[in-house]
Structures are given as structure tokens and as C-alpha cells.
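Here's a quick tour of a protein model, made for someone just starting out. Have the structure open and follow along.

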Amino acid sequence: MIEQNEHKLSVRYLRVSDYPALRDISLKAYKDVAVPWTEQQLARLIQLFPEGQICIEDKGRAVAIALSVIIDFSLIGDQHSYDQIVSNGTFTSHDPDGDYLYGIDVSVDPDYQGMRLGRRLYDARKELTENLNLKGILIGGRISGYHKYSKEISPQQYIRKVKNKELYDPVLTFQLSNDFHVRNLLDDYWPGDHQSRGNAVLSEWVNIYYRKKTKLIGRTKSIARLGVVQWQMRRFDSFDDFMQQVEFFVDTVSDYKADIVLFPELFNAPLIHTYSGNNPADAMRMLADYTDDMRQAILEMALSYNINIVTGSVPQLRENGKLYNVSFLCRRDGTWDSQSKLHITPDEEVSWKFTGGNNLKVFDTDIGKVGILVCYDVEFPELARLQTLKGMKLLLVPFWTDTKTGYLRVRHCAQARAIENECFVAISGSVGNIPKVETMGIQYSQAAIFTPADFSFPHDSIASEATPGIETTLITDLDFDLLKELRSQGSVRNIQSRRVDLYDLNWRDNNDSS
């Protein structure tokens, strides 16, 4: 035991750099019970819910650690297992819109026992729960002393004796002394916990300051209305004429109280005819001169029409002299962000000299987390999976294909992304043609919105689809609560079932923000 006056203790958020300390503490605290978390699992947890991962440091070194997620109790219920909560280290049960903080780990360096660090961690969790206006804290707590009595009494009898202070249990006694009460027994909660004979106690701390969330303002909507534009390629005499057509669709879709609208890839390409006489690559660079003005005009539309707008994609010339194919998200709160197309097709590289971007994003919006993959990018399943692991629920795919063959590549891949990532996917393309403009010949599109494949969704996993070859819009309501239920209770659970003990997927960080 170390004397307490030798220490300088403070509570702070956990960092990935604390992993060596976490591993060492876990090896000491859970010897012969569990293997430590991996560094990748810790990084994932911090990425999902940084304020829920707390530690106490002593002169810079973490000596006590508490890990947590937020759950929707209606989906988890009174009977569940530890693996349902941690999902084999993927933490897919974490729901930022949930109602309970769920403690998944508390460990204290044995050298620091007797200093009440566990109580400090619990107090920090209680403060967090109050600040987040959650109903309370739930913990599937071990009953590590039960193995001494398992031949004489049942788990229920053991719990009762601990509550009556006839027996002492290191975990349950501590929780009861910290204002937790027993909800119920969790049998087969953690089969590897032989000291508890696989059992656990679901304990709850009630947040008496909780206020029922009744206001929608400022909260993420559970049902979002999506508009998808199937755009007619036509000659425009000027930039103003082009923007007038854009505003027509924004106005039309917003009249139906849509929350977000998606336009196709390179939907401003009809203006390229104003640069006739130039080769296609030069003409596309000239077209980029309109991009900043277009983004600003559409951002103003997002504000005035109260709708989030995804600009399909447009060419953007950057300071490095390279041309990118970029989709802009113009939010109705006046902010904007962008996603570059990462994979460039051979024809785009030869004809227009596009350069692929280097950054993959997931965007926060008032309807939840949204991802954008421009056309060819949806044919690379790693991208959508990475976005899903960052919380994406809706994937938007602006595309431009000239033939039905090309279109079907995009469509089939988009449908696969919806099923394997348990998310909604919308695709938006162009129809028609622009005569006498090189590389702008014909277009083929059938805009559509795809769903996962399970009983709560359409039998063909298609929420809606347009008639091929005509200019039109789709207006569809998407229920994000169905995704939550699918991911926790579905017939199959693709995200939860990933074998991260066998494989993993990581993004290679770089300093290029394109």
C-alpha cells in the first residue's frame, strides 16, 4: 500500500495514450477472469463517447479507470449479456440518444486500493449522468464472492444476504453503498466469470434530476423526410439559369417539409457547354470557377427554405493546383462541410484530370449522422463500413452514369451497403443528354432509397424508386429507430456480429484534409 500523501490525484477523461496503464491495471484487477481491452477497442470507445471514459491519474499516470456507453434500455431490457453491451469490442449498443449510462468496466490498480478511488469514479459517472439528463446508471455487476457459497445457496439467496449485510461481496456491497439498488439477477451474463458462476446483478442508480425529454428543438429527429432529385441534363444559358432550376427543386421538396435533399454528381456539368472550344479537362477547370458562388447560394437556400442540401458534386480547384470532385453539405443552420470523391474512374482521370481526395467524413446533422460517397466510391465497401463505425445511419450517393450497366454497378453496391451496414442509402443521378458537348453524351438513372433487409422494412429493401429516364423527385420518410431495433434485435446483426478478434478495419491517418 502506498501512502496517500505521496500522490497528486486528479480525475480526467481517458486518452488512447493511457492504454498501457489500462492494460496493466486490467491484468492485475481481472487476473484469470478476462483479457484486457485492446488498444484499438479503447480508441473506438473514446471515439464513440469520449466523455464516458474516465480515469484518475496520479502524477500523470492513470491508476483507476471507468468505461461507459449510453444505451436505449427499451432495446436492451432487463435480461441481457455482457457481450450484448460491448458487442465483442465494437460497442454497437452505444446510442447517443439513449436513456441510461451503462458501466462496462471499473478497475483500480491494486496498489491504490483503500483510497476510495472507485467512489470517485462512481461520483464522476453520476455527475455525467446528470449533465446528460439520463435516467440513471446501470451496471451488470459481478458477484465475485458467490463461488464460496454456490454449493449451499442460490444466486438469489446470495444477493439477498449481501443486501441484508449477512455476507460481504467486493462488488455488490460497494455498489449498494454507493446508492445503487438491485433490479434483477442476470444469469449467464458473463460465462467466463467463474467466481460469479457466470451470474451478475443488474444494479441501478436513479438520477432524481432527470427531466423527460419533450422538446424536439435542438434534438436529433427519429423520423426524417428525405428528398432525392433525379436531374435532367439540359443546356443552361447562364449560371443564373442553372441556379433557378436548383432553387425550383429546393422549393418543391421543402414544400413537402423534407429535412434533407440530395442532388446528383456533377449536376452543374450542363454549364460546361459555355466553354466550348476548350478540351474537356480545361473546360472542367473553368467550370470550377462557379463553385464558391454556387455553394454560397445553396447555403442561403438551405437557410431560407429550412432544409439541409447535399449539392450532388461539383468540380473544385484548390490551391495545390489539383481539381477535385466535391460534394457539399449545406446545413439549414448556416454551416457547411464537404466530402471529396476518393476513387477516380479511369475515364474521369483521362478526360477531366480529377484527383482523388484523401479524407473520409461522417457529418453531424439535425437528423443524425450522415455520410456521403460520390458514385464510384460506393463500390468500395470499406468506406461505408468505416463511416458506419463512426455512427452513420444514412448514406447519400450522388452518381453520374451513362449506361444501364454503369448504373447497375452503383445500384447493386448501394443496396449491398444498406444491408451490410444496417443503414439507409439514397442514390441520385441524372437523365437526358447534352448534344455537341464532348464527354457529356448520355445519362442513365433510376434514383432510389434502399433499406436493410429484415421484417421491419419493405420486402424488397427498397423504400422508394423513381421511374427511369425522367426528371422527378422522391419524397420518403425514414425511421431511424428501426435501425436501432435492427442492430440490437434483428434476425441477423451484421455490425454486432463482426469478428473483430480475427480482423479489423482502420483508416490510415494523413495530414491532407482534401
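Let's start with helix H12 (residues 381-389): 7 of its 9 residues are buried, so the helix is largely enclosed by the rest of the structure. "Buried" means under 20% relative accessible area, "exposed" means over 50%, and "partly exposed" is in between, using a 1.4 Å probe on protein chains only. Helices (H or I, at least four residues) and strands (E, at least two) are DSSP runs, numbered from the N terminus.

Keep in mind that this is a predicted model, where local features need pLDDT of at least 70 and side-chain atom pairs count only at pLDDT 80 or more, while totals for chains, interfaces and linings use all residues. Residues are numbered from 1 along each chain as its sequence is written, and side-chain values use heavy atoms, with hydrogens and water left out.

**More on helix H12**

- The buried residues of H12 are Leu383, Ala384, Arg385, Leu386, Gln387, Thr388 and Leu389.
- Those buried residues pack against H2, S15, strand S16 (394-398), helix H13 (404-421) and H14, where a contact means heavy atoms within 4.5 Å.
- After H12 comes glycine 391, which has a positive phi near 105°.

**The whole protein**

- The protein has 14 helices and 22 strands.
- Its C-alpha trace spans about 90 × 50 × 40 Å along the principal axes.
- Of the 514 residues in the protein, 54% are buried.
- Take the contacts with a separation of 6 or more: 71% of them are between residues 24 or more positions apart.

**The second largest pocket**

- Rolling a probe the size of a water molecule over the atoms shows where empty space is left.
- Here the search runs on a 1 Å grid over the protein atoms alone: a cavity is a set of points where a 1.4 Å probe fits but cannot get out, while a pocket is an open set with protein on both sides within 12 Å along at least five of seven lines. Lining residues have an atom within 4 Å of a point.
- The second largest pocket has a volume of about 1100 Å³, where grid points are joined across faces, edges and corners and the volume is the space filled by probe spheres set on the points.
- Which residues lie nearest the centre of this pocket? They are Asp95, Pro96, Asp97, Lys393 and Lys484, out of 41 lining residues.
- H14 gives the most to the lining, with 7 residues. Elements that each supply at least two residues include helix H2 (39-48), strand S15 (368-372) and helix H14 (480-489).
- By class, the lining has 11 nonpolar, 15 polar and 15 charged residues. Ala, Val, Leu, Ile, Met, Phe, Trp, Tyr, Cys and Pro count as nonpolar, Asp, Glu, Lys and Arg as charged, and the others, Gly among them, as polar.

**Rings and charges**

- The structure holds 27 aromatic pairs. One of them joins phenylalanine 239 and phenylalanine 242, and it is tilted, at 6.4 Å centre to centre with 40° between the planes.
- Rings of Phe, Tyr and Trp (its six-membered ring) pair if their centres lie within 6.5 Å; planes under 30 degrees apart count as stacked, over 60 as edge-to-face and the rest as tilted.
- Both phenylalanines lie in helix H8 (residues 239-255), 3 residues apart, about one turn of the helix.
- Elsewhere, the charged end of arginine 295 sits over the ring of tryptophan 336, 4.0 Å from its centre. A charge sits over a ring if NZ of Lys or CZ of Arg is within 6 Å of the ring centre and within 35 degrees of the ring normal.
- Arginine 318 lies over the face of tyrosine 324, at 4.1 Å from the ring centre.

**Positive phi in loops**

- Most residues other than glycine have a negative phi.
- Leucine 266 has a positive phi near 45°; it is in the loop between strand S9 (260-262) and helix H9 (280-287) and is buried at 1% relative accessibility.
- Serine 461 has a positive phi of about 65°; it is in the loop between strand S20 (448-450) and strand S21 (462-465) and is buried at 9%.
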